[in-house]
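Hi,

Here is the structure I promised to pass on.

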Amino acid sequence: MLRTNSFLLMMLILSFTLSKLAFAESSHIEVTPSNCVTNEQDCVMNIKVDWFTEATSTVCIRVTDQQVRLFCQKPKQGHNFLIAVRNNRNIVLELLTEQLIPLESTEINVFYQNIKKRRRDIAWSIF
Amino acid sequence: MIVNSGCSIGLRIILLLSTLYLSPQAHSTAPAYLADEGLSLGISLGYGQLDNPVYNKGDIPLYVLPRVELFVGDFSFANTQLTWTPITRENYQLSVFTQLNEDGLYFAKHSAALAAIRTISGRPPMGSIPPAMGDMPPTTQKRRGDIGSISNRKLSFMTGAEALYDWQNWRFSVSWAMELTNYHKGLQGALSAQRLYKIDQHLLLLGIEVQHLNRGLVDYYYGTSQQDVQVGFSRFEGRSSQKYGLKASYQYHFSQQWQFISDVKYQRLSSGIADSPLINDSNLLSFYAGIAWNY
């Protein structure tokens, strides 16, 4: 009985792993631009999303920026899907099945640029 | 270990000096003239003094120097100096500024605190003279009395324009300012040139400056009024004058937060100021050295 259970558990883990691998191999999501350089508090921009999967006929796209947004009922392949994003940290985009099983993900890196100002004299110039 | 350290320091000094003299344009100095936008705070502990040229007024000690700088858009505030820089190009910039007049510091009641705040604003204050001693021979034709009873000279603010031009590691400046507070209707102009050397964590600045003060400004602070004459000072009317300055700054950056800072400035006053009975000497030396912490 114990041996049977162990076997079933192993098969379950194996099938789950293989299915994930299969999804991963045939799925793709890409964001343009992939970096955001800002000198404001938040990175605010419009992004274009391209995706493709062979895993399922319709997919969802989950965007995690200041909030979590889900765009579902999307075809298995898409181009130039426009999304407005805003965040002060990296922004994550995930390609999911309709059952919200992750297929692929990508990240927009947010960089902060220090604005440099010209000064009349060097810092700590005393006299 | 000590010997090695000594050699290392000696070698570094030789390298530093040779780099200064043999390849003066090897390093860019631009970052030294840049500041991050936003608020920047700092404090320095050390020792120095701003010599007070006024007769029987003590030197102004400098032990603690605060640094409060704010850069927002085209505006900046550095201790007591407010600047608007509407024109900034690669090699030059034009600013409008308002700052505390340095001559008023020597007559102020809280001159030490004011000087500490004023000095870090980055504009050259007038240097100063050792205080008069009782046994010091008076300068010819100068008659002196009770400095505590002279008429009140108020602190004033100056506002004006300044053009800066950067060429390689040189910075040239020309400025003109008029009094804002309407006590003396003074005018002041300045020409300066300074050269920056930055090697690794070392920063050295050498500068030369000529300031011109108009008659109104000089007479308000260094001329003598009827009250001054009554308390013992000889009559003196201020004339338009110059201050000639040589300056050197050396800084060593241990890290972004900690640094060693030092400044020394020699200044010579022209006779329009130096002949005043309120003034002791025409050769002035100010200095400061300390550790600075930046937040």
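Predicted model: local features only at pLDDT ≥ 70, side-chain atom pairs only at ≥ 80, totals over all residues.

Residues are numbered from 1 along each chain as its sequence is written, and chains are lettered from A and ligands numbered from 1 in the order in which they are written.

Let's start with chain B. You'll find five helices and 13 strands there. Of its 295 residues, 40% are buried (20 or more other C-beta atoms lie within 10 Å of the residue's own; 12 or fewer makes it exposed, anything in between partly exposed, with C-beta atoms placed from the backbone).

Now for the barrel. In chain B, 12 strands close into one, running in order from β2 through to β13, with antiparallel pairing (two strands pair if DSSP finds at least two bridges between them). On average, neighbouring strands of this sheet are turned by 20 degrees against each other, ignoring direction (the axes are lines fitted to C-alpha atoms, and angles run from 0 to 180 degrees between N-to-C directions). As one example, β4 (residues 75–78) and β5 (residues 81–88) of chain B are antiparallel and joined by four bridges. Across from B:S76 you'll see B:T83 in β5(B).

Next, where does B:G58 lie? Look in the loop between β2 (38–50) and β3 (60–72) of chain B. B:G58 counts as partly exposed because it has 13 C-beta neighbours inside 10 Å.

How do the two chains meet? Strand β9 (residues 116–118) of chain A pairs with strand β1 (residues 34–36) of chain B, antiparallel, over three bridges. There, A:K117 has B:A35 as its bridge partner in β1(B).

Finally, the largest nonpolar core has 20 residues, and A:I122, A:W124, A:I126 and B:L62 have the most contacts inside it (such a core is a set of buried Ala, Val, Leu, Ile, Met, Phe, Trp, Tyr and Cys residues joined through C-beta atoms within 7 Å). β3(B) gives the most to this core, with four residues. A second, separate core has 19 residues, including B:Y55 and B:L278.

Technical notes
Helix = DSSP H or I, 4+ residues; strand = E, 2+ residues; numbered from the N terminus.
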